[in-house]
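I opened my notebook to learn my way around a new structure. These are the things I looked up, in order.

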There are 2 protein chains.
Amino acid sequence: VELVCVGTELLTGNVNTHTSYFAGALLSAGLRLDLETAVPDETDRIRDALRGALERSDVVLVSGGLGPTFDDLTREGAAAALGRRLRLIPELLDRIRAKFRRAHLPMPRANRRQAWLVEGARALENLSGSAPGQLFTKDRKEGRQTLVLLPGPGEELKPIFERDVLPFLKRTYRAGLHLATGTFRLTGLMESEADERIRSLVRGSRGKVEFTILAGGGLVEIRATARGRTEKETQAGLRRVRRALRKALGPRLYGEGEDTLEGVVGEKLRRRGETLAVAESCTGGLLAGRVTSIPGSSDYFLGGVVCYSNDVKVRELGISPETLRRHGAVSEACARELAQGARKKVGADWALSVTGIAGPGGGTPQKPVGLVFIGLAGRRAFQARRFLLHGDRLRIRTLATVRALDLLRQAL
Amino acid sequence: VELVCVGTELLTGNVNTHTSYFAGALLSAGLRLDLETAVPDETDRIRDALRGALERSDVVLVSGGLGPTFDDLTREGAAAALGRRLRLIPELLDRIRAKFRRAHLPMPRANRRQAWLVEGARALENLSGSAPGQLFTKDRKEGRQTLVLLPGPGEELKPIFERDVLPFLKRTYRAGLHLATGTFRLTGLMESEADERIRSLVRGSRGKVEFTILAGGGLVEIRATARGRTEKETQAGLRRVRRALRKALGPRLYGEGEDTLEGVVGEKLRRRGETLAVAESCTGGLLAGRVTSIPGSSDYFLGGVVCYSNDVKVRELGISPETLRRHGAVSEACARELAQGARKKVGADWALSVTGIAGPGGGTPQKPVGLVFIGLAGRRAFQARRFLLHGDRLRIRTLATVRALDLLRQAL
């Protein structure tokens with residue numbers, strides 16, 4: 001499998017995150033990415049890169065260059081590489097027109113180009129944008145060859161790839177060897193700590209299970225790919241890994257597969273029929289935003305207050321001016337009062353609060369950047385915890401939301 | 001100039017940040033990266049990628065695969081691609097040995113490999129690690145060709161590149177050409193609309209300025225790279241582009257360079273000495289989270305309410321139960337009352353509100369998924385706007401925050 005990323009921006013400074021996405025998604029389907037090329041928005045460059053890729057590989061994935069503008073040239077490059085024509089497909093044009101109509105917008109003439117399909121290709125519907133993907137296959141002596149064109153924006157590319165492309169690749173190319181991948185999600189451990197805890201498991205599974213550890217946003221992900229001659233053998237191998245990881249990681253393991261920390265917490269609340277409120281200072285809405293990223297979160301999330309100014313803390317959440325004077329807004333006492341205040345005010349079973357110094361300014365020797373207090377109030381008890389987080393403003397705010405969600409998860 | 005990144009980790013999930021670094025460094029030296037390839041740690045793959053690159057390009061940069069272990073194979077791949085031998089250079093070996101001695105460490109036998117140099121290449125000293133870089137040049141009819149091997153870790157690669165390679169490339173290849181890039185940021189236009197508005201500018205600048213258009217998260221970015229024979233001519237070209245874009249895009253242009261929408265809005269508030277509050281239903285905290293992503297936003301952002309339940313809307317923001325009964329929570333009337341309620345409650349000069357249906361569930365024929373109302377209340381006036389947004393839950397929520405920020409930007 002080979003990937004060609006189209007976009008001049010990838011050669012003038014933008015970081016390419018698509019390769020990492022495709023690599024992970026393919027790996028979890030038992031397929032390996034062998035090569036990646038980034039080319040500018042130039043028809044000749046795209047054509048040459050695709051020609052080379054088609055000479056080498058069974059599957060060629062292409063991302064980007066399907067937009068409506070003059071510099072979206074992947075359709076042209078792919079047609080030239082395959083020696084095929086582009087055809088305007090009336091049904092595709094109708095579908096694009098309908099999208100604009102539904103949005104009460106006139107369709108710019110430029111968008112007509114998105115209805116051009118490589119002769120013989122199948123269109124892949126794009127629910128998040130106007131450019132359809134394209135899938136082209138050819139039977140050769142060496143087996144079937146596949147070329148896939150996908151739009152560049154991640155929010156368009158990922159749904160198409162996961163819905164229409166990955167299942168097709170699995171069916172067509174994975175024959176014989178059985179692979180099964182499990183993703184195990186942990187929090188409260190660093191990557192190197194997770195590595196140490198599972199090291200003997202990794203050694204003992206050599207040849208049968210491959211492990212990768214990935215860290216990001218305060219969370220760690222262990223991916224285990226088991227291989228076997230039969231589906232049954234493979235699944236049994238993965239079950240053994242699951243048992244061993246549960247034992248090695250204990251409560252640090254918060255989920256598997258597509259689980260998210262906010263989803264796991266939400267599911268626990270829903271099952272107990274309990275509700276949540278938040279009071280956020282340094283995270284400024286990110287914690288609530290994360291909780292409400294889950295569809296149906298209105299079943300258990302009632303609302304919250306972003307109390308950025310001290311005035312709002314006092315007036316809206318009943319923090320005593322005395323507490324602010326004596327301990328400051330970034331303090332254990334304030335975190336506790338914020339959580340209790342939010343719980344009472346919103347009338348929820350649980351409330352989380354976050355107050356801290358996200359930086360880059362505002363730190364002192366006593367209260368440095370990264371100092372964060374998280375409060376949790378429930379029906380029977382309340383607590384506040386102190387954290388010293390490292391990184392830039394975004395990272396400190398993200399880590400604070402992770403720590404807050406994890407505190408509630410453990411209480412539940 | 002072409003880049004080959006060597007490393008299996010780049011094809012199994014790690015994000016490649018080297019390409020972005022090289023692109024920026026080359027651009028600032030007036031050189032352009034034309035192509036990038038990522039290959040796994042396999043001699044044949046490295047050899048083939050380098051062969052292809054040497055056929056196409058004047059300069060081939062290679063990063064990674066110069067370490068001491070069995071899977072560091074760039075030296076072997078490069079020698080094979082050039083049809084040259086590897087030679088153990090005693091002085092290089094002495095230098096590597098001396099490094100270990102200075103660190104009071106025994107030199108592992110594996111590190112001997114780092115003293116192998118491609119026949120005819122020049123070693124580039126590595127002050128941050130043990131593997132020297134290698135620079136090989138060849139004079140052809142088409143001009144001089146250069147192959148550079150650099151170690152993979154950023155802290156080793158960058159000093160060597162900037163000290164020994166970039167000045168050489170500038171001297172040898174730039175022959176008088178100067179480049180300057182400007183980034184122009186717009187909102188409220190689709191990619192294709194932006195394309196239409198600047199098309200005549202793009203046509204008229206051919207050969208002097210190159211344009212790329214990028215869209216993502218409801219925002220559009222135009223990048224213009226001007227070229228000229230002198231720095232002065234190049235900067236003058238970029239100034240002309242700026243003037244032309246300002247005219248073509250008017251108020252749609254919200255910023256340049258590293259500007260963000262939330263940063264631009266914040267700066268306007270700060271300059272006017274005015275303050276902001278928010279009331280969020282469907283965005284659930286994302287709008288506040290975005291406003292507070294800017295360091296120092298506490299100067300103008302006072303706070304907000306995430307009013308997910310109707311109960312919180314009524315009790316905390318004073319929405320009349322009558323409005324909710326007659327129009328529902330997702331309505332223009334409710335958006336207006338939410339903004340006014342938040343403004344009064346928090347005591348801010350301005351307040352934004354968002355209420356809508358982010359989906360995937362909860363839509364009806366009258367109120368489909370993606371229907372969003374945004375309210376803006378100021379000292380003198382208030383307004384509410386209706387939007388029909390497309391995409392999944394995350395996209396609808398993201399677009400809603402962009403529309404809200406832009407409404408305030410225009411009012412300011």
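I noted that the model is predicted.

Overall view. I looked up the extent of chain A: its C-alpha trace spans about 75 × 60 × 40 Å along the principal axes. Chain A has 412 residues, and 57% of them are buried.

Salt bridges. I searched the whole structure and got 65 salt bridges over all chains. I then picked out a few.

Asp139(A) pairs with Arg144(A), with 3.4 Å between the closest N and O atoms. Asp139(A) is exposed, at 61% relative accessible area. Arg144(A) is partly exposed, at 33%.

Arg163(B) is partly exposed at 35% relative accessibility. Asp164(B) is also partly exposed, at 23%.

Next I checked Glu316(A), which forms a salt bridge with Lys345(B), the closest N and O atoms being 2.9 Å apart. Glu316(A) sits in helix α10 of chain A and Lys345(B) in helix α12 of chain B, so this pair joins two chains. Both residues are buried.

I also found a network of salt bridges that links Glu42(A), Arg45(A), Arg32(B), Asp34(B), Glu210(B) and Arg227(B).

A charge without a bridge. Which side chain of opposite charge is nearest to the buried Arg75(A)? I found Glu76(A), 4.6 Å away. A salt bridge needs a distance within 4 Å, and Arg75(A) has none. Arg75(A) belongs to helix α3, residues 74-82 of chain A. Its side chain reaches the backbone oxygen of Leu66(A) at 3.0 Å.

I turned to Asn111(A), in the loop between α4 and β5 of chain A. Is Asn111(A) buried or exposed? Asn111(A) has a relative accessible area of 1%, so I logged this residue as buried. Its side chain makes a polar contact of 3.4 Å with that of Ser130(A). Another polar contact, of 2.9 Å, runs to the side chain of Ser192(B).

A surface patch. Last, I noted a patch of positive charge on the surface, where Lys208(A), Lys232(A), Arg239(A), Arg240(A) and Arg243(A) gather. Arg240(A) is partly exposed, at 49% relative accessible area.

Notes:
Residues numbered from 1 in each chain as written. Chains lettered and ligands numbered in written order. Predicted model: local features only at pLDDT ≥ 70, side-chain atom pairs only at ≥ 80, totals over all residues. Heavy atoms only, no water. Patch = residues over 30% accessible without salt bridge, like charges linked within 9 Å, V, L, I, M, F, W, Y side chains within 5 Å. Areas by Shrake-Rupley, 256 points an atom, 1.4 Å probe, with all protein chains shown as cover. Lys, Arg positive; Asp, Glu negative; His and termini not counted. Charge placed at Lys NZ, Arg CZ, Asp CG, Glu CD. Buried < 20%, exposed > 50% of the residue type's maximum accessible area, 1.4 Å probe, protein only. Helix = DSSP H or I, 4+ residues; strand = E, 2+ residues; numbered from the N terminus. Polar contact = N/O pair within 3.5 Å; in protein donor to acceptor, adjacent residues only side chain to side chain.
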